[in-house]
Amino acid sequence: MKRIAVITSGGDAPGMNACIRAIVLTASQHDIEVIGFRHGFRGIVEDLNQPLHPNDMRLVSQRGGTILLSSRYPQFKEVDAARQAAAVLDQHDISALVVIGGDGSFRGAHHLDQYWDGQVLGLPGTIDNDLAGTDTTIGFTTAVDTAMEAIDRIRETAEAMARVFLIEVMGRHAGFIGLHAAIAGSAEAMLVPELEPQPKLADLADSIRRARQAFPDSSYLIVVSENLWPGGVEELARQLTQATGTTCHSAPLGHIQRGGRPNAADRILSMQLGQAAVHAVLDGISGHMIGVEQGHVVRVPLHLTFERDKQLDSRLVDLQLGLQQLNFASNVVKESA
Ligand code: ATP
């Protein structure tokens, strides 16, 4: 009888619990036991084990966060930590480890793979969607839904007062949440790291000025990715206020994008990937991420998920940028009328 271990590592993402459930239930169908380690890689090193039984999984899919808890544990980069983790896994007779996390967690999984004989598999669990080799990651669409809902709320109050808002969304160093939230929230402008060239302060100020001239009674929302503007969205709002003479408000959405109940798409994705991970264990696969491409489950070597950059969908970028131009077009129509 095989025994599988599971951890959730790095930033938590809505859907991680549904994924744990799928692993435990699928494993149970194949008479495989599952042990969790709390707090990610730290939990393996410190042997914070927790048996996971199918009966414990009844009501977990609905919950955000992770029932296994997570952590950032930079010490895991050290060889001794990986060796210690390997020893703990061996003590528990574990033959495969499933790591649910983002690119950092996959680096950790890849690192461990070099010092442990068992199978190591990764499942993409991050709201940032910044892993190559999978179209989407567990938690991404829920985070976009949450950002969209927040943007809708800000829109209502902004519209009532014809205000300019800069809304900061998460994404680490990638613009997936920014792009998708900008389109879903009908933002007038978006600032994401992938734009080449990056809009300059003068361009942004000019857009705001022209939009306000054309539509003085309307709100103007800019979605801004985190870690992009030096000093953050508050500083950008301050600089734009100074440049335009119009008060620009900042609204960093922060961790509300991480929490909350996973949406249906994330629950289904999580279940699909969790089940596929157990099948990969049974097939003797190691050193791979299980992802999804064009609706099909795929197995991708772990290192290819973090060594390559994942591109934004260029059609969606063109869609958003095209609509942003329309602000000017409407302005031009009005000016020439
Ligand atoms: P997210 O981006 O959603 O926050 P993540 O998995 O990328 O998720 P990180 O904090 O970057 O989050 O990584 C999670 C953990 O993976 C780290 O705290 C560390 O324990 C481990 N890890 C990251 N990079 C490495 C590495 N190069 N070698 C070994 N372990 C690593």
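The legends below describe several close-up views of a predicted model.

**View 1**

**View 2**
Strand S10 (residues 288-293) pairs with strand S11 (residues 296-301) in the antiparallel sense, over 6 bridges. Two of the facing pairs can be picked out by name: histidine 288 stands opposite proline 301 in S11, and glutamate 293 stands opposite histidine 296 in S11. The hairpin has 2 residues between the strands, and in this hairpin glutamine 294 takes a positive phi near 45°.

**View 1. The parallel sheet of four strands.**
Here 4 strands form an open sheet with parallel pairing, in the order S7-S8-S6-S9. Strand S7 (189-191) and strand S9 (248-252) are the edge strands, each of which pairs on one side only. Strand S6 (residues 164-169) and strand S8 (residues 220-225) pair in the parallel sense over 6 bridges, and leucine 166 stands opposite isoleucine 222 in S8. Helix H7, which spans residues 201-214, lies across S6, S7, S8 and S9 and runs at about 160° to S8.

A polar backbone atom of tyrosine 73 is 2.5 Å from an oxygen atom of the ligand, while a polar backbone atom of glycine 104 is 2.9 Å from an oxygen atom of the ligand. From aspartate 103 it is a polar side-chain atom that lies 2.9 Å from an oxygen atom of the ligand. Taken alone, the ligand exposes 620 Å², and the protein buries 89% of that area.

Glutamine 324 lies in helix H11, which covers residues 314-336. With 14% relative accessibility, glutamine 324 counts as buried, because the limit for that class is under 20% relative accessible area. Leaving aside its neighbours within four places in sequence, glutamine 324 is in contact with Glu188, Ala189 and Met190. A polar atom of the glutamine 324 side chain lies 3.0 Å from the backbone nitrogen of methionine 190.

**View 2. Helix H6 and the residue that follows.**
Helix H6 comprises residues 176-184, and its buried residues are Phe176, Ile177, Gly178, Leu179, Ala181 and Ala182. Just after H6, serine 186 takes a positive phi of about 55°.

**View 3. Two further residues with positive phi.**
Leucine 69 is found in the loop between S3 and helix H3 (79-91), and although it is not a glycine, leucine 69 has a positive phi of about 60°. At 35% relative accessibility, leucine 69 counts as partly exposed. Alanine 162 has its place in the loop between helix H5 (140-161) and S6; alanine 162 is not a glycine either, yet it has a positive phi of about 50°. Alanine 162 is buried, its relative accessible area being 15%.

**View 4. Two prolines in loops.**
Proline 230 sits in the loop between S8 and helix H8 (232-244). Proline 230 is exposed, with a relative accessible area of 63%. Along the chain, proline 230 and aspartate 130 are 100 residues apart, and their C-alpha atoms are separated by 21 Å.

Definitions and conventions
Residues are numbered from 1 along each chain as its sequence is written. This is a predicted model: local features need pLDDT of at least 70, side-chain atom pairs count only at pLDDT 80 or more; totals for chains, interfaces and linings use all residues. Side-chain values use heavy atoms; hydrogens and water are left out. Two strands pair if DSSP finds at least two bridges between them. Contact means heavy atoms within 4.5 Å. Axes are lines fitted to C-alpha atoms, for helices over the stretch in contact, and angles run from 0 to 180 degrees between N-to-C directions. Buried means under 20% relative accessible area, exposed over 50%, partly exposed in between (1.4 Å probe, protein chains only). A polar contact is a pair of N or O atoms within 3.5 Å; within protein, one must be able to donate a hydrogen and the other to accept it, and residues adjacent in sequence count only if both atoms are side-chain atoms. Accessible areas come from the Shrake-Rupley method with a 1.4 Å probe; for residues, only the protein chains shown count as cover.
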